[in-house]
Amino acid sequence: MTLHDAPELTLVTGAPANGGSCVARYDGRVIFVRHALPGERVRARIVAQRQSYWHAEVVDVIDPSPGRIESQCPIAGVHGAGCCDLAFANLEAARAFKAQVVAEQLQRLGGYNWLGLMEPVSDAGPTGWRTRVRLAVGPHCQVGFHRYHSHALVTDLRCGQLPTGMLDGLNSGRAWPPGGQVHVVLDDDGRRHVLLTVRHGRRITISAVEGDYRATQRVGARSWRLPVTAFWQAHRDAAGVYSNLVADWAQATAEMTAWDLYGGAGVFAAALGEAVGESGQVLTVDSARTASRAAQGALADLPQVAVINDSVRRALQRQPAGADIAVLDPPRTGAGRDVINLLAAAGVPRIVHIGCEAASFGRDIGLYIAQGYAIEKIKVFDAFPLTHHVECVALLTR
């Protein structure tokens, strides 16, 4: 059967798959169906063929799931932006969908059976939680959100993730340079910062259109001044929640040595540094210069914290001794075999590992288990409501 022969099929959807689709089968073939919930009967359009599976998107819902609701994002959907791919699911259904994906990835890639529930980051609700966003500039000089797996843009900026008014005026009376990117941050002082970045070959120019180059972010009583383009948790409450959890699970005490790997601006290093005191030592490592500079500025009052701007692998290879605790918050690709092997070889007995992608997290958990680590606890947070994305945190001991 070809796309020309059968552009649309009636399907019954099964389990959710990593990436936001549900699995359906037709004539023995696996089809990943976007914009569906498990147990629905839908009419779906085939949009891509691979040798062993196809991709499809819902055209019409014939028998909806009880969890299906009116979309909570006015610009998302089959013909809209790719921003909120689970906006059509109520909170209970969306969390069940994502928890099932995490459980499947942990079992399949990590060999670990997890039967937990997804937790909210806060009681803020599924909309208006995001305070950092990056927009693309299209050929017509307007900013917008990408459609799913496309260079085409949706220039209606009313994304359900964003607080009302956060992007007001960006497409009114201004011609942005095509190909540029616009970064918008609503910081912890309530100020909006808008930065434009434009690439010219290997050179990137950055200009502040509104506000400052740096934004103010806070966790507890500590403040960070970091570039608008630097990494910070997107959910307004996430940095504080994760910092408190890391401090609790790490169980750092005076004179201990702790490693904060992929440490960014040093949020976890701050919590660890306060716990180990001046008699202890914290090493925070990140490859981004802007993040390391922000960490140096925010943690200048903690002489026990050393900031290293380098790759985690190289930094670990240069350490003359091990650590009592390691905290890892790697990018979506995960920590990987080399880094986890180095942690095991260094004899680190207690690890807090954070992962923002279910498959990478599951794979890393399997690598830890292969090195003799036991999984003490796992928490999974609904840190990105309206989307299929999750944040997973594991406590491992050996």
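A search of the whole structure, a predicted model, finds three cavities of 30 Å³ or more. A cavity is a set of points on a 1 Å grid over the protein atoms alone where a 1.4 Å probe fits but cannot get out, and lining residues have an atom within 4 Å of a point. Volume is the space filled by probe spheres set on the points, with grid points joined across faces, edges and corners.

The largest cavity has a volume of about 100 Å³. Of the 14 residues lining this cavity, N18, V101, A358, H388 and H389 are the closest to its centre. Helix α1 (residues 91–110) supplies the largest share of the lining, three residues; helices (H or I, at least four residues) and strands (E, at least two) are DSSP runs, numbered from the N terminus.

| Class in the lining of the largest cavity | Residues |
|---|---|
| Nonpolar (Ala, Val, Leu, Ile, Met, Phe, Trp, Tyr, Cys, Pro) | six |
| Charged (Asp, Glu, Lys, Arg) | three |
| Polar (the others, Gly among them) | five |

A383 lies in the loop between β20 (374–382) and β21 (391–397). With 1% relative accessibility, A383 counts as buried, a term for under 20% relative accessible area with a 1.4 Å probe and protein chains only. Leaving aside neighbours within four places in sequence, A383 is in contact (heavy atoms within 4.5 Å) with V121, W129, H235, Y242 and E391.

Residues are numbered from 1 along each chain as its sequence is written. Local features need pLDDT of at least 70, side-chain atom pairs count only at pLDDT 80 or more, and totals for chains, interfaces and linings use all residues, while side-chain values use heavy atoms, leaving out hydrogens and water.

Terms used. Buried < 20%, exposed > 50% of the residue type's maximum accessible area, 1.4 Å probe, protein only. 1 Å grid on protein atoms, 1.4 Å probe; cavity = no way out; pocket = protein on both sides within 12 Å on 5 of 7 lines; lining within 4 Å.
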